[in-house]
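Visitor: Hi, I'm new to this one. Could you walk me through it?

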Amino acid sequence: MAGGRPRAFDADEALDRALEVFWRQGYEGTGISDLTKAMGINPPSLYGAFGNKEELFRKVLDRYADGPARYIREAFDQPTARAVVEHLLHGAADGTTRPGCPPGCLTVQGGLAHAPGAEGVRSELATRRKAGETALRARLEQARVEGELPDDADPDGLARYFATVHQGIAVQAAGGASREQLHRTVDLAMRVWPSRAGA
């Protein structure tokens with residue numbers, strides 16, 4: 001008799017529900033009971049399928065990168081460095097104000113963790129943000145080599161600036177800024193784009 005078997009559940013759907021809880025409440029603000037209730041499973045099933053809370057959060061971050069934040073990966077497919085940055089920032093304005101989703105960004109909201117035991121999560125989020133800035137810097141360096149940016153452009157400074165704007169969009173969205181306001185902010189931010197002499 002199979003009466004003791006836990007009921008089957010859809011792992012992808014459960015991850016989506018966990019994603020929304022973490023996105024809305026942050027890592028520290030989310031308890032196992034919040035997760036099991038949202039995911040429709042009991043604690044043993046959660047631990048068996050996803051590991052502990054931190055392991056689940058890492059899986060949720062991967063799911064977020066492939067879902068609501070896929071605009072980041074798509075940005076790097078753009079043909080020019082300027083288009084990469086514009087797609088990234090306008091994508092953030094749309095992604096952090098998506099109807100039916102919590103405002104802001106999971107990687108920013110989830111990273112507001114300071115209690116002992118959350119060091120691994122903070123480190124993971126910092127590593128992911130740094131990887132994004134590193135990829136942007138490399139693309140801007142390529143643009144300078146290829147002549148899209150002038151020789152005196154500062155890829156390092158530009159990458160840091162645009163990464164800061166990118167994260168700031170998420171903070172502003174979480175604070176109630178509208179999509180239209182954020183798109184206007186992106187347009188203003190793009191005014192620092194270095195122009196080539198005679199361009």
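Visitor: How far apart are the end C-alpha atoms of residues 31-50, and how much of the span is helix?
Guide: The end C-alpha atoms lie 15 Å apart, and the span is 80% helix and 0% strand. Helices (H or I, at least four residues) and strands (E, at least two) are DSSP runs, numbered from the N terminus. This is a predicted model, where local features need pLDDT of at least 70, side-chain atom pairs count only at pLDDT 80 or more, and totals for chains, interfaces and linings use all residues. Residues are numbered from 1 along each chain as its sequence is written, and side-chain values use heavy atoms, leaving out hydrogens and water.

Visitor: What feature does UniProt place at residues 31-50?
Guide: An unreviewed UniProt entry puts "DNA-binding region" there, at residues 31-50. UniProt positions follow the numbering used here, feature names are shortened, and annotations may be inferred rather than shown by experiment.

Visitor: OK, zooming out. How many helices and strands are in the protein chain?
Guide: Ten helices and zero strands. The C-alpha atoms of the chain fill a box of roughly 80 × 30 × 30 Å along the principal axes.

Visitor: How do H8 and H9 pack?
Guide: Their axes are 8 Å apart, at an angle of about 135 degrees. Axes are lines fitted to C-alpha atoms, for helices over the stretch in contact, and angles run from 0 to 180 degrees between N-to-C directions. That makes H8 oblique to H9; angles under 35 degrees count as roughly parallel, over 145 as roughly antiparallel, 65 to 115 as roughly perpendicular and the rest as oblique.

Visitor: And at what angle do H6 and H9 cross?
Guide: At roughly 15 degrees, with the axes coming within 8 Å. H6 and H9 are therefore roughly parallel to each other.

Visitor: What about H6 and H10?
Guide: H6 and helix H10 (residues 179-189) pack at about 165 degrees, their axes 9 Å apart. So H6 is roughly antiparallel to H10.

Visitor: New topic: what volume does the largest pocket have?
Guide: About 580 Å³. On a 1 Å grid over the protein atoms alone, a pocket is an open set of points where a 1.4 Å probe fits, with protein on both sides within 12 Å along at least five of seven lines; lining residues have an atom within 4 Å of a point. Grid points are joined across faces, edges and corners, and the volume is the space filled by probe spheres set on the points.

Visitor: Which residues lie nearest its centre?
Guide: Ile 72, Arg 128, Arg 129, Gly 132 and His 166, out of 25 lining residues.

Visitor: Which helix gives the most to the lining?
Guide: H8, with seven residues.
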